Each structure stands twice: as structure tokens, then as C-alpha cells.
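This report looks at how chains meet in an assembly.

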Number of protein chains: 4
Amino acid sequence: MFFASDNWAGVHPDISANLTRHAAGIATAYGDGDLDRAVYKRFNEIFEREVAVFFVATGTAANALSMASLNRIGGVAFCHAEAHMNVDEFGAAGFYTGGARMSPVPGPLGRINPQALDGAIKRYSRDLVPAGQPMAVTITQATEVGTVYTVDDIKAIAEVARRHKLPLHMDGARFANAVAATDISPAEMTWKSGVDIISFGGTKNGCWMADTVVVLNPDVARDLRLLRQRAGQTFSKARFISAQFEAYFADDLWLRMARHANAMAARLAATIEDAPAGRLAWLPQANEVFAILDRTKAEKMQGAGAKFYEWGLPQSFDGHLGDNEAIYRFVASFATTAEEVDHLGRMIA
Amino acid sequence: MFFASDNWAGVHPDISANLTRHAAGIATAYGDGDLDRAVYKRFNEIFEREVAVFFVATGTAANALSMASLNRIGGVAFCHAEAHMNVDEFGAAGFYTGGARMSPVPGPLGRINPQALDGAIKRYSRDLVPAGQPMAVTITQATEVGTVYTVDDIKAIAEVARRHKLPLHMDGARFANAVAATDISPAEMTWKSGVDIISFGGTKNGCWMADTVVVLNPDVARDLRLLRQRAGQTFSKARFISAQFEAYFADDLWLRMARHANAMAARLAATIEDAPAGRLAWLPQANEVFAILDRTKAEKMQGAGAKFYEWGLPQSFDGHLGDNEAIYRFVASFATTAEEVDHLGRMIA
Amino acid sequence: MFFASDNWAGVHPDISANLTRHAAGIATAYGDGDLDRAVYKRFNEIFEREVAVFFVATGTAANALSMASLNRIGGVAFCHAEAHMNVDEFGAAGFYTGGARMSPVPGPLGRINPQALDGAIKRYSRDLVPAGQPMAVTITQATEVGTVYTVDDIKAIAEVARRHKLPLHMDGARFANAVAATDISPAEMTWKSGVDIISFGGTKNGCWMADTVVVLNPDVARDLRLLRQRAGQTFSKARFISAQFEAYFADDLWLRMARHANAMAARLAATIEDAPAGRLAWLPQANEVFAILDRTKAEKMQGAGAKFYEWGLPQSFDGHLGDNEAIYRFVASFATTAEEVDHLGRMIA
Amino acid sequence: MFFASDNWAGVHPDISANLTRHAAGIATAYGDGDLDRAVYKRFNEIFEREVAVFFVATGTAANALSMASLNRIGGVAFCHAEAHMNVDEFGAAGFYTGGARMSPVPGPLGRINPQALDGAIKRYSRDLVPAGQPMAVTITQATEVGTVYTVDDIKAIAEVARRHKLPLHMDGARFANAVAATDISPAEMTWKSGVDIISFGGTKNGCWMADTVVVLNPDVARDLRLLRQRAGQTFSKARFISAQFEAYFADDLWLRMARHANAMAARLAATIEDAPAGRLAWLPQANEVFAILDRTKAEKMQGAGAKFYEWGLPQSFDGHLGDNEAIYRFVASFATTAEEVDHLGRMIA
């Protein structure tokens with residue numbers, strides 16, 4: 001019953017096997033080998049256009065280096081008030097940009113409100129003493145609270161960003177889950193809707209360590225290669241990451257894994273909806289379920305070996321919590337089994 | 001009719017004369033001269049305890065270096081949502097700290113709400129993956145919207161800060177106006193109420209360039225001298241600043257100037273309250289008046305030579321703005337005359 | 001004939017197999033799993049004392065984060081004039097420290113001269129206006145030019161560092177090759193000789209991606225965990241790295257691989273010494289050979305498929321270069337074969 | 001007998017009087033007032049072309065902000081091995097650039113050797129893994145050891161910089177002394193000889209606090225205004241600095257002061273040359289004299305009230321020091337009197 005996070009899971013056997021397959025032999029270092037180049041092309045196919053792919057150390061590094069590549073002097077990036085990049089990444093974006101600010105924008109259930117975004121950007125358009133230079137808008141897909149932006153949602157935000165001449169970044173640590181949940185293509189979900197650059201993560205979805213920045217719009221983020229070099233994240237044996245992605249994209253493995261995780265989350269959500277002793281905080285749309293439980297019960301479940309964490313109250317939560325109640329997060333992964341879900345469901349009921 | 005800002009004024013004649021008096025002769029450089037040492041002692045008297053005084057380039061530098069001196073890895077400082085340091089200083093605090101974040105806290109009329117502060121700090125006390133290290137609380141006195149914290153207000157915030165073992169910083173760019181407005185002593189307004197370090201500014205109140213960081217609690221901010229050195233703000237002929245402060249503190253000049261500025265603001269506020277064509281956005285408590293005017297009228301006044309600026313709508317504003325109305329800021333200084341105020345008043349009426 | 005760098009090689013089959021073995025199943029993320037803990041203990045055994053181990057993205061990141069953990073305001077680190085960290089790592093150490101300086105110290109064949117080190121540190125001990133704060137000494141073992149410090153060499157440098165109260169860092173990207181070359185134990189090569197912290201790399205010696213900072217002296221580098229977090233290098237599925245090290249240390253695999261690489265370098269060196277058409281620039285002591293070749297011949301070899309690079313003239317080189325001659329570097333790895341070496345040797349002869 | 005530094009002197013009476021003259025009245029803040037604009041024009045006349053002038057806090061800030069404005073990712077600036085910016089400014093340039101490196105270049109008596117410069121830059125032009133991006137060359141005029149570059153010297157360095165497409169910066173903390181010593185015009189000394197940007201200082205030459213960056217080549221350093229803003233060095237009452245420069249440039253006051261300082265240094269040098277008990281370390285060319293004295297005698301002089309400091313042995317010093325001898329620096333200022341010089345001379349003799 002491991003629902004603490006999708007990064008507690010291991011690696012899919014196909015990915016592991018592909019690493020073994022590429023273990024021997026000599027290859028040009030630093031991402032210039034044959035396999036690396038083949039994988040970059042595969043990314044072009046996935047996104048239906050020529051993109052630039054940068055392997056980086058973690059999802060946090062992908063976000064922080066994305067911001068660094070969009071950085072301006074006195075820069076201000078606009079994000080959701082609960083954006084992982086802003087509140088959970090230990091200031092990595094600030095460190096990588098040398099001090100750019102994240103300006104929090106409100107919006108329901110993890111999604112930025114476009115009107116509020118517009119107002120927040122305008123705050124910095126005064127003429128007098130400069131207060132800051134808007135530099136980027138960033139959204140998270142799937143969001144931090146397990147919801148998903150529709151294409152229209154993304155387009156509305158992109159429209160505001162474009163009006164202010166700002167690039168649009170997407171934190172796609174769980175991008176696969178969003179694609180799997182909506183059957184919207186990666187291209188449609190990103191550049192066709194106005195996204196310029198994405199932190200595209202495979203680690204939470206069955207890879208060992210496969211985080212990237214993918215630049216979709218060739219007009220932005222031109223310095224990423226150098227910024228990554230300076231950050232000490234240019235991997236010498238990059239084929240280790242390429243081998244993971246080769247398997248990840250083969251036969252839609254990435255979407256199959258994400259669909260499975262989403263299905264397990266939906267199965268858990270259905271169980272909770274039926275359970276007298278718990279209820280959903282809001283409807284899950286990807287692979288994360290947020291449920292309201294009695295604290296005593298939750299602690300008992302944890303004591304019995306169930307792994308999951310209490311979640312802070314989102315600013316936009318407008319439901320009601322009882323005296324001894326709290327919100328808990330349950331994350332399903334490619335490796336979650338129906339048996340685990342049902343076992344957990346019985347504990348909650 | 002100059003109400004654009006108190007930093008449009010020149011310098012008080014006493015301060016100018018004192019500079020002339022100290023112009024000749026040789027003195028040890030870098031703030032170690034006799035006059036410098038005498039002025040540091042004067043600060044001790046003003047604050048009724050031994051303090052450490054650091055001359056810096058501007059008020060923004062004072063704030064940013066204060067934050068740098070309180071910095072932690074992954075640091076988060078808690079400030080009002082409209083804090084000048086957060087939204088108006090072009091990211092200086094982020095730059096000087098190498099990327100520390102400002103976490104905005106709500107509260108009415110420029111003042112942090114202590115309960116909201118407590119909640120914001122607790123957000124970072126989770127045990128799992130570290131999201132950030134709380135490093136400081138900062139308040140502005142007088143506030144960005146011309147209001148003043150009472151001693152009880154400060155103590156309530158200091159109590160929250162102390163409970164979380166956080167130092168309390170005060171942005172005192174208009175500290176003199178707050179002291180003059182309340183007749184609370186500098187000591188009572190700061191360390192006796194829990195403030196550990198203050199950006200103490202003289203520039204807006206009749207000096208040429210006289211900004212400092214004053215460390216009130218010797219247990220914090222120990223590296224300020226070195227941080228200032230690295231920032232290229234250790235002035236060689238520091239007596240230029242010392243000479244200003246010598247005159248500033250003589251015969252309570254600083255409070256006399258601040259009282260005058262406050263009185264001019266009050267005079268303007270009274271006029272506006274009586275004017276049919278305008279109204280106060282909220283009650284001013286120091287030297288800044290925020291008034292709601294018809295945009296057409298305001299532009300006409302500006303066209304006729306009155307200098308003042310439109311102000312963004314504060315988050316905490318709960319009044320009503322008519323269709324063509326906006327909030328405008330009027331700042332009085334030591335040099336503002338009653339004639340100017342009355343002239344402006346006639347324009348508004 | 002791949003002698004471009006040891007990071008062109010793949011990964012040893014034992015390491016690959018161990019990754020596969022650990023691919024399935026759930027484990028606590030972020031380096032707190034059972035395998036992770038077992039591997040940390042293994043490091044204790046290797047170094048014969050309790051050490052703190054931090055997995056990081058690359059060798060450059062290991063160096064840069066080491067410097068960050070030893071950083072002081074206005075900090076100056078002392079390194080060899082040709083130190084990889086100073087001249088080859090794209091300013092990573094400067095970036096991670098927010099601007100600390102590297103002060104280059106001369107010395108023959110990649111090794112710091114202790115007397116010159118002492119003089120360079122003393123340069124910053126003046127009393128007046130502070131010019132900088134010495135923060136660390138760093139040496140590379142094996143050095144950038146394929147030589148090795150003896151224990152006495154290290155102790156002499158450590159003695160100077162200790163006299164100035166400075167921690168001693170070792171860049172051990174090729175530490176295994178140095179240990180294998182000398183049969184000096186890791187403990188003797190490091191903390192028993194005064195080294196406080198080491199960038200311990202496995203990537204160049206048969207791993208996929210296995211770079212660490214190992215803190216040997218518990219009194220230094222206390223903030224490494226937080227600095228790594230802020231740098232976005234806390235790996236969620238850390239067991240991927242642990243699994244590599246488990247196999248790396250089993251049955252002395254790491255030393256067997258390093259010994260092989262060193263032996264291949266020695267075999268190449270012997271061939272070159274006997275070759276009429278080339279000569280050694282200096283005697284190799286680990287797995288890198290620097291040879292003086294005629295440029296025309298070298299280009300012909302490269303044209304025929306031999307992979308190796310020209311090397312810049314080290315400051316300390318006191319030999320003679322003919323008109324059309326240059327220094328070339330040849331690196332052997334765990335995967336280099338005697339056949340490759342002999343093939344290359346025939347080309348040179 | 002104050003020869004510790006030219007920044008121990010006060011301010012010239014003309015400058016002081018001009019400050020008083022501009023003390024009253026209202027002016028647009030942040031350097032946009034009428035006086036500010038008039039002074040910017042005066043700079044155009046001094047440099048015989050349109051230039052961009054930025055007032056900053058100190059000479060160190062001028063250098064550091066200059067480097068920030070020329071910064072590149074992984075940037076490397078080339079300077080003399082003894083450049084003040086590199087070894088004496090507490091890492092300010094590294095801090096302001098977020099970690100750019102200074103690459104020290106040798107050369108006799110404080111002047112960069114053009115051939116050595118060319119070699120140092122070429123070190124970073126390798127094709128493989130990037131080691132750094134050359135970003136600027138910087139020279140000091142007058143140099144740190146009181147010598148002066150000729151126009152031919154500057155042109156030779158500029159030619160190397162231009163060949164590598166690098167901007168040329170001049171640290172002109174004592175630029176006035178160099179101009180006064182050579183009768184070469186500011187234009188000829190700078191942009192006509194290939195200098196793109198200069199730290200132009202008035203503080204050491206009779207001002208209170210008057211340091212600037214002057215951008216001579218409009219194609220470089222375009223972000224200086226924003227970088228200064230973020231650094232908290234945009235002075236609100238900028239006319240305080242403008243008033244100093246207005247007087248500084250009137251009737252060639254700046255050159256008259258510099259000529260006087262140079263003459264006093266020459267007078268001291270002549271005395272030392274004649275003194276049996278001391279000798280010049282090298283010939284002074286501006287306002288600094290470096291003399292070799294017996295330590296016992298020097299300490300006795302200091303004990304009797306003479307203010308001056310021992311100087312570290314420059315790398316390029318090829319003279320001989322006796323057992324108990326050291327090099328001492330004596331700096332003359334606009335305020336130094338012939339009586340002081342002669343008094344000091346008698347002590348040395």
C-alpha cells in the first residue's frame with residue numbers, strides 16, 4: 001500500500017532491459033552519441049515538431065534551469081499560488097536565476113485564473129522606477145492537486161502571456177498523466193496551445209532518472225546548453241538517459257504506464273466516494289487522489305503500513321473540514337496494483 | 001506642488017552646513033574616522049542601547065543587505081503582500097541573497113496579520129523533503145500605504161516570529177515619520193518590541209544620501225560588514241554620511257522634519273475630506289495621503305503642474321472605486337509648504 | 001582506438017546487472033531507502049571511518065557543491081593553476097558559491113607547490129580593507145596531467161592548509177586510478193593525510209553516473225544536504241546510484257577496473273617510449289598518457305579513426321616542442337583492450 | 001604626513017560649495033533632474049562623444065557592475081595578475097556576475113602583456129566541452145603600482161581584445177592622475193584607443209563620493225541601468241553626485257587636483273632618490289610612490305605619525321630586497337602639501 005509518491009516506485013522492466021542492452025561499447029560523451037541523437041529525433045516525433053532536448057538531473061533542476069533560460073534582470077515569473085516550483089523546490093528557481101521572483105497568482109484547484117494573471121503582470125508595467133521585469137508564466141500539468149488544464153484553459157493563459165510578450169513554461173513532471181487522462185496529443189497540449197518550453201519528466205512515470213527540459217519554441221531559451229553546463233548537469237554518459245527514453249517512448253509505454261496510474265487513482269477515488277468514513281476533497285483527474293479523512297483513522301492506517309501523507313490546505317479549497325479531519329494525498333504509479341488499491345479502500349471504508 | 005515623493009526634496013540647510021564644516025582635513029577612511037565613531041555613538045543614544053551601524057547606498061540596499069545578513073539556504077522571508085522590498089525593489093533582495101524567496105502575507109492597510117503570518121511560516125515546517133527554510137519576518141514602518149503599526153501590532157508579530165525562532169526586520173525608510181506620528185521612542189518602536197534589525201533611512205527625510213542598516217540585536221546579522229564589502233558599498237569617505245547624521249540627530253532635527261511632513265499630510269487629508277470632488281482612500285497616519293479622484297480631474301491637475309502618481313489598488317482595499325476613479329498618492333516632505341498644500345487642495349476641491 | 005576520455009566507455013556488466021536486480025519494488029525516495037543506507041555504510045568501510053555521502057549529478061557538480069559547502073563571504077579557494085575546477089568547469093564553482101574566487105597556485109606537473117600555496121594564502125591575511133577570505137585548498141588526485149600526489153605531498157599541503165585553518169578538498173574524479181596506482185588505502189590517501197572532503201567519482205571508472213561528495217571530516221561542509229537540495233540534485237530514485245556503488249565496491253571491482261585502465265596506460269606509454277616518431281611529455285602515473293607527436297602524424301591517426309585530443313601546454317611544462325609538434329592526451333578506461341593499445345602504438349611508431 | 005591613501009583626504013572647497021548651492025529646491029529623483037542632465041552632457045564634452053553615465057556607490061561597485069554588464073554564462077574576464085578588481089575587491093565582481101572568473105595575465109609593473117593576454121584568451125577557444133566564455137578584458141589606468149599605460153600600450157591590448165571580439169574595460173579609479181600625467185585627452189586615452197567602458201572615479205581625487213561607470217561604446221553594457229537598479233544603487237537624490245561633478249569639471253578642477261597630486265608624488269620620489277636610506281622600487285608615473293625602506297626605519301616613521309602602508313611584493317618585481325627591507329606605498333592627493341612631503345622626506349633621509 002504505497003501511495004506516498006510515484007517516485008517510490010522502481011523502474012519498468014522494459015526500461016531496465018534497454019539500459020542493459022546499451023551498457024557495453026564506446027559512445028561519444030556529453031549527449032552527442034548515436035543513441036542520444038536518435039532519442040532527440042524521437043522527441044521531435046512525440047511533439048510533432050523540431051524541439052531541443054536537454055537532459056537534466058531532476059524535475060526541480062528542469063524547472064529551475066527553464067527559469068534561468070527565460071531570466072531577465074529583476075525578473076518576475078508568474079505561477080499559481082501553490083506551484084511546486086514556488087513553494088516546494090527549496091528556492092531552486094531563485095538560486096538558478098540569481099534571484100528572480102515568483103509572483104503567485106490565485107485560481108481554483110491548482111489552475112491559474114487568466115484574469116488574475118493579467119492583473120498580476122500589469123502590476124509590473126508601471127513606467128516610473130522599475131519594480132521588476134516580467135519574464136515568464138508557468139503552469140503545472142497535471143497540477144499540484146491532481147487536476148488537469150484543458151486545452152482551452154491553456155490557450156486562455158497563453159493568450160494573456162502572449163499579450164504581455166511573455167513565454168509560457170509548463171512544469172510537466174506528470175505530463176504523461178495529463179496526456180493519458182485527456183487523450184490530447186503532446187503537441188496540442190503544448191506548443192499548439194501556446195506553450196514554449198516544458199519540463200518533461202519521466203522519473204515519476206517508470207524511469208530511473210529521466211528529466212528533461214524540452215524547448216518547443218526555438219526563439220526562447222537559447223542559452224540552456226550553457227546554463228546546464230555551468231550548473232554541472234551535462235552528463236558525460238548521457239546515453240544512460242537516452243536508453244531510458246528509447247524504451248519509454250517505444251510502443252507507447254509511457255502512456256500505457258500513465259493510463260495505468262490514472263486508472264488506479266480513479267479506482268481509489270471510486271472506493272472513497274462509496275466509503276462512509278471518507279470523502280474526496282475534489283475530483284481527481286490524473287494519478288493523485290486527495291481525500292478528507294479523520295486524523296485518527298488516517299494515523300491508524302499509517303500505523304498498519306499504508307504509506308501516504310497529509311496535505312496542506314490549498315488556498316483555493318472551499319470545502320468544509322471537520323474538527324479532526326485533514327486532507328491526505330494518495331499517489332498511484334505505473335507499479336500500483338488493483339490489490340493494493342482495494343486493500344487501502346477496505347482500510348478507509 | 002511637488003507630491004510625487006519625499007525624495008524629490010533637497011537637503012535641510014543644517015545638514016548641508018555640516019557637510020561643509022567637515023569638508024576639509026584628513027580622516028581615516030572606510031568609516032573608522034573620529035566623526036564616524038562619534039556618530040555611531042549617537043545612534044546608540046537614539047536607540048538607547050549599543051547598536052551596530054552600517055552606512056549603505058540606498059534604502060533598497062539597506063533592505064537587501066539586511067536580508068542577505070539573515071539569509072539561509074533555501075531561505076524564505078515573510079513580508080506583507082504589498083511590501084516595497086518584495087514588489088518594488090526590482091528583485092534586489094533576491095539578488096543579494098542569491099535567490100531567497102519573499103512569502104507574501106495578507107493583512108489590512110499594509111500591516112501583516114499575525115495569524116496569517118503564523119500559518120505562512122508553518123507551511124514550511126513540514127518534515128519530508130525540505131521546501132524552504134524560514135529565515136526572517138519583515139515589516140515596514142511607516143507602511144507602504146502611509147499607515148503605522150502600533151507597538152502592540154509590532155509585539156504581536158514579534159511574538160509569532162520569536163515562536164518560530166525568526167529574526168524580525170523593519171524597513172524604516174520612513175521610520176522618522178512613524179516615530180513623529182506616534183511619539184513612541186525609537187527603542188520602544190524597535191528592539192523593546194522585538195525588532196532585531198532595521199533599515200534606518202534619512203534620505204527621504206531631509207538628507208542627501210543617508211541610508212543605514214542598524215543591527216539592534218547583536219546575535220543576528222553578524223556578517224553585515226563583509227556582505228557590504230562584497231557589495232561594493234563600503235564608502236571610503238564615510239564621513240560624508242556621518243556629517244549628515246550628526247546634523248540630522250542634533251536638536252531633534254530628524255523628528256522636527258518628520259513632524260512637519262506629517263502635519264502637511266494631515267493638512268492635505270483634511271482638505272480632501274472636505275472636498276466634494278475627492279475622498280480619502282483611507283486615513284493617513286504619517287506623511288503619505290492616498291486619495292480617490294476622478295481620473296479626468298487628476299490628469300488635469302497633473303497637466304497644471306501638480307506632481308503626484310496614480311497608485312495600484314492594494315489587495316486589502318475594501319472601498320469602492322467609481323468607473324473613472326483611481327487611487328492617487330501624495331507624499332509630503334520636510335520641504336513641503338502649507339501654501340503648496342492649500343494650492344493643491346484648491347485644485348482638488 | 002578510443003582514447004578521447006574514460007567517459008566514452010559504457011558501464012561494467014556487474015554494475016549493469018545490479019541495476020536490473022534492483023529495478024523492481026518500492027523504496028523510500030530521496031536516498032533514505034534500505035539499499036541507500038547499506039551503501040552509505042559501505043562507504044564507511046571503504047574510508048575506515050564514518051563519512052557522509054551525497055550523490056550528485058556530475059563530477060563538476062561534486063566540485064562545485066563542495067566549494068559551496070566550504071564557502072565564505074568574499075571567499076578565495078586555492079587550487080593548482082591548471083585545476084579542472086578552475087579552468088575547465090565553465091565557472092560552475094563560481095556559480096554555486098555566488099562568486100567565490102579560485103586563486104591559482106603554481107607547481108610542477110599538476111601538483112601544488114606547498115611554499116607557493118603558503119604565499120598565496122598569506123596574500124589575503126592583510127589587516128586593512130579586507131581583500132578576501134581564504135576558504136579552502138583543493139587538490140586533484142590523480143591530477144589533471146595524469147600524475148599522482150604521494151602521501152607526503154598531500155601531508156605537506158594539508159599542513160599549510162591547517163596552519164591557515166583551511167579545509168582541504170580533493171577532486172577525486174580519478175581517485176580510483178590514484179589508489180590503484182599507489183596501493184595506498186583510501187583512508188591514508190585522504191583523511192589520515194589531512195583531506196576533509198572529496199569529490200569521489202565512479203562515472204569515469206565503469207559506472208553510468210555515480211558521482212558523490214564524501215565528507216570525511218564531520219566539522220566541515222555541514223550544509224551539503226541543503227545546498228544539494230537547492231541545486232535540484234536530490235535524486236528521488238536514489239537507489240539507481242546506490243545500486244551502481246553496491247556493485248562498484250563488491251569484490252574490489254572499482255580497483256580492478258582502475259588497475260586495468262592504469263595498466264593499459266602504462267602499456268601505451270611503453271610503446272611510445274620505444275617509438276621513434278613520438279615521445280612522452282612526462283611519465284604517466286595513472287590512466288592518462290601525454291605524448292608529444294608531430295601534428296601531421298596525429299591528424300593522420302585521427303583521420304584513420306583514432307580518438308584522442310590535443311592538449312594545451314601546461315604552465316609547468318619545461319620540455320621542448322618541435323615546430324610542428326604538440327602534446328596529445330590518451331586516456332585508458334576499464335574497457336580499453338590491449339589490442340586497441342597495440343593498434344594505436346603501431347600507428348604512432 | 002598622510003600618505004595612506006588618497007581617499008583619506010576630504011573634499012575640495014569648490015565641490016563643497018557647489019553642493020551647498022544645490023541643496024535647496026525640488027528636483028526629479030533618480031537622476032532625471034535638470035542638473036543631472038546637464039552633467040551627463042558635460043561628460044559628453046569631456047569624452048568628446050555621446051556617452052552613458054551611471055552614478056554608482058563606489059569604485060568597487062563601478063568595476064563590479066561593469067563586469068556584470070559585460071557578463072556571459074561561464075564568463076571569463078582577463079585582467080592583470082595584480083588587478084585591484086581581482087585581488088583586492090573582496091570578490092565583488094564575482095558576486096555581481098553570479099560567478100564569472102577573472103583570469104590573471106602577467107606583465108611588468110602592473111601592465112598586461114599583450115602576447116600573454118592573447119594566449120590566455122586562446123586557452124578558452126577549444127571546441128570540445130566548453131570551459132568558459134571569454135567576456136572582457138580589463139586594464140587599470142593609472143595602474144595599481146602607480147604606472148601608466150601609454151596610448152600605444154592601450155592600443156596593443158585593444159587590438160588583442162578586438163581580435164577575440166571582447167570589450168575592453170578600464171578601471172579608472174585614478175584616471176584623472178593618468179590624464180594629468182600624460183596630457184593625453186580622455187577621448188584618446190579611452191575610446192579612440194579601443195576602450196569601450198570605464199569605471200570613472202572622482203572620489204580619490206577631491207570628491208566626497210563620485211563614482212561612475214561611463215559607457216563609451218553604445219554597443220556594449222546595455223543593461224547597466226537595470227543591473228544598477230537591482231543592486232540598489234540608483235540614488236534618489238542623484239543631484240548630490242551631479243553637483244560634485246559639475247564643480248569637478250569646471251575650470252579643469254579635476255585635472256588641476258590630479259596634477260597637484262602627481263607633482264607631490266614626484267617631489268617625494270625625487271627626495272627618496274637622493275636619500276641614502278631608501279630607494280624607489282620603480283619609477284612613479286602618477287600619484288603613488290613605491291619605495292624600498294628598512295622595516296625598522298619604516299616602523300619608526302609610522303610610530304612618529306607618518307601614515308603609509310607596506311605593500312605586497314608584486315609578481316613582476318625584479319629588483320632586490322635586503323634582509324630587513326620591504327616595499328612601502330605613499331599616495332599623494334589633491335590635499336597633500338609640499339611641507340608634508342618634505343617632512344616625510346626628512347624622515348626617510
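Buried area here is the accessible area, taken with a 1.4 Å probe, that two parts lose on being put together, summed over both. The model is predicted. By that definition, chain A and chain C bury about 4000 Å² between them. Carbon and sulfur atoms carry 65% of this area. Three residues stand out on the side of chain A: A:F95, A:W208 and A:K237 supply 21% of the area that chain A buries against chain C, more than any other three residues.

The contact draws 44 residues from chain A and 44 residues from chain C. Polar contacts link 24 residue pairs across this interface, both partners at pLDDT 80 or more. Salt bridges are absent: the rule finds zero between chain A and chain C.

Several helices of chain A give two or more residues each to the side that touches chain C. They are listed here.

| Element of chain A | Residues |
|---|---|
| α1 | 13-21 |
| α3 | 59-69 |
| α5 | 92-97 |
| α10 | 224-230 |
| α11 | 239-249 |

By residue class, the side of chain A that touches chain C holds 23 nonpolar, 17 polar and four charged residues.

Methods
Residues are numbered from 1 along each chain as its sequence is written. Chains are lettered from A and ligands numbered from 1 in the order in which they are written. This is a predicted model: local features need pLDDT of at least 70, side-chain atom pairs count only at pLDDT 80 or more; totals for chains, interfaces and linings use all residues. Side-chain values use heavy atoms; hydrogens and water are left out. Contact means heavy atoms within 4.5 Å. A salt bridge is a side-chain nitrogen of Lys or Arg within 4 Å of a carboxyl oxygen of Asp or Glu. A polar contact is a pair of N or O atoms within 3.5 Å; within protein, one must be able to donate a hydrogen and the other to accept it, and residues adjacent in sequence count only if both atoms are side-chain atoms. Helices (H or I, at least four residues) and strands (E, at least two) are DSSP runs, numbered from the N terminus. Ala, Val, Leu, Ile, Met, Phe, Trp, Tyr, Cys and Pro count as nonpolar, Asp, Glu, Lys and Arg as charged, and the others, Gly among them, as polar.
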